[in-house]
Amino acid sequence: MFYIIPPRGVLAFNTLTSCIDTRIEYLELVYNKNVDNFEGNIEYLFEGSKYDRTGHFTLRLLSSTSNDLWYYWLTRETTLLEYRLNNVSKRQIYRMFKNIRNSVESGKERHPLYAALHQVTTFFLQRNIFSHIVAQDHSSCCEDFYVKLKFQIIPDLLKKRLVDLKDGLAIIFCSKWKELLKSLFKSLLAKEKLDLNDTCVSSMIKADPRLNFMQQRVELRLMKGGQIGNSRITVKNIDSEVYNFPPCMSHLHFLLRRRHRLSHNARFYYSLFLKDSGMTVDEALGFWREEYSQPHTCTCACSHNWQTDTRRFTYSIRHLYGLEGSRKNYSAPNCSAICNSNNGPRYEGGCPFKSFDREKLKELLKQVTKQSDTEKYLDTFLSQKPQVACASFLKLQRVKNIDNIFVNSPVQYYQLMKEYD
Ligand code: SF4
């Protein structure tokens, strides 16, 4: 459940794909608090088994090639850890602590995070402390025992103000042991992602047909029928979901609703954003059909209509979902690509924080947000870099205390809006 060392051995390729498919389905159900509906092969998900480890490490590897995919997988895998910590037996918890300690002792890694993992597991494995934390009546605010760690190791707990600080060290009380494990798990995965990126994992995956196939499959499984939070974007709810979209995408949506057409690149970007945010291909076909069946109200851009070009539209949407032609899986562009792309004079999109003037930005933000006082922040937005301004705008809409947010892509913006809803 908290794995550090990948499993060894050989696994048949079809078993591996079943293992991954089952894990994705299970992660999604756990994330949506719907685990009772799981009907797959539970054998692939026994804590500590070679299948469970293989599923975890394969998804870790495949997700590391894309920030969106990584974020998507990480949130679900962390939810699974939390779910297991709350549901497995005391004996399994004890075994987990021991396995973590053995893994960091046997590895060659000398990173401070490993020292912290060793310290924490040794602490909780003390007989009296272990019995104390797993006792039925262990209070959620108990401060009988505590462990001290360098605060840099657990940025998550600091952000949530769950620790006390003294002499540069974070003090974590025994009542927060599960939060501590979750935070260490996230720190471990963040470190792993950096290590994987350093080893050019993308080219390694591309060079191996089996891994390449698996990655496309994972992306399709996660993104095609994907779902963010508890909702999925559909034809029916898109007009309310649009208030969670980043300004660049809500701008395209409002424009499409008004004119019933978008230029080729704008349509391409908006379709990919919807796909990667969880709109299924059938919903996408319904959505674009609805718009492109109406007469357009613009003099420029695309003037095709659904009735005469049904086959072409259907093919191009299915193609974006990797279901036609080369079956390439396209991903939605990130903020740098949107900010730096040169799409020609007819393009209506772009990052509003970069390419809109004051009046146009003001109008758009007024339309997007329910906050009435956005105008007073306009000058700040205009003086900031686009992604920083976008993160400030997001924080403004979510009154909850969120720090250190950096917006990397429109899909990630949408995920954050849903997460902090
Ligand atoms: Fe969209 Fe990124 Fe610009 Fe935000 S910063 S509006 S997400 S392109």
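## Close-up views of a predicted model

**View 1. Helix H12 passes helix H13 in a left-handed crossing.** Everything shown here and in the views below comes from a predicted model. H12 covers residues 247–259 and H13 covers residues 264–276. The two helices pack at an angle of about 115°, and their axes lie 10 Å apart. From H12, the residues to look for are Met249, Leu252, His253 and Leu256. They meet Ala266, Tyr269, Tyr270 and Phe273 of H13. Sorted by class, this contact of H12 with H13 holds seven nonpolar residues and one polar residue, with no charged ones.

**View 2. Helices H14 and H15 pack at an angle of about 150°.** H14 runs through residues 281–292, H15 through residues 306–320, and their axes are 11 Å apart. An angle over 145 degrees counts as roughly antiparallel, so that is how H14 and H15 are placed relative to each other. The crossing of H14 past H15 is right-handed. On the H14 side, the contact is built from Val281, Ala284, Leu285, Trp288, Arg289 and Tyr292. H15 supplies Trp306, Gln307, Phe313, Thr314, Ile317 and Arg318. In the contact of H14 with H15, eight residues are nonpolar, two are polar and two are charged.

**View 3. Helices H20 and H21 pack with their axes 10 Å apart.** Here we turn to residues 386–397, which form H20, and residues 410–419, which form H21. The packing angle is about 20°. Angles under 35 degrees count as roughly parallel, and H20 and H21 are therefore roughly parallel to each other. H20 passes H21 in a right-handed crossing. By class, six residues in the contact of H20 with H21 are nonpolar and one is polar, while none is charged.

**View 4. Three strands make an open sheet in the order S1-S3-S2.** The pairing in this sheet is antiparallel. S1 (146–150) and S2 (164–166) are the edge strands, each with a single partner, so one side of each has no neighbour in the sheet. On average, neighbouring strands of the sheet are turned by 35° against each other, direction ignored. As a reminder, strands of a sheet pair through backbone hydrogen bonds. S2 pairs with S3 (residues 169–173) over three bridges, in the antiparallel sense. For a landmark in this pair, find Asp164, which stands opposite Ile171 in S3.

**View 5. The protein chain, seen whole, has 21 helices and three strands.** This last panel puts the close-ups in context. Along the principal axes, the C-alpha atoms of the chain fill a box of roughly 75 × 55 × 40 Å. How does the radius of gyration of the protein chain agree with that of a compact globule? With 421 residues, such a globule would have a value near 22 Å, and the chain has 24 Å, which agrees.

How values were computed:
Residues are numbered from 1 along each chain as its sequence is written. This is a predicted model: local features need pLDDT of at least 70, side-chain atom pairs count only at pLDDT 80 or more; totals for chains, interfaces and linings use all residues. Side-chain values use heavy atoms; hydrogens and water are left out. Two strands pair if DSSP finds at least two bridges between them. Helices (H or I, at least four residues) and strands (E, at least two) are DSSP runs, numbered from the N terminus. Axes are lines fitted to C-alpha atoms, for helices over the stretch in contact, and angles run from 0 to 180 degrees between N-to-C directions. Angles under 35 degrees count as roughly parallel, over 145 as roughly antiparallel, 65 to 115 as roughly perpendicular and the rest as oblique. A crossing is left-handed if the near helix is turned anticlockwise from the far one by less than a right angle, and right-handed if clockwise. Ala, Val, Leu, Ile, Met, Phe, Trp, Tyr, Cys and Pro count as nonpolar, Asp, Glu, Lys and Arg as charged, and the others, Gly among them, as polar. The radius of gyration is taken over C-alpha atoms; the globule rule is 2.2 Å times the number of residues to the power 0.38. Contact means heavy atoms within 4.5 Å.
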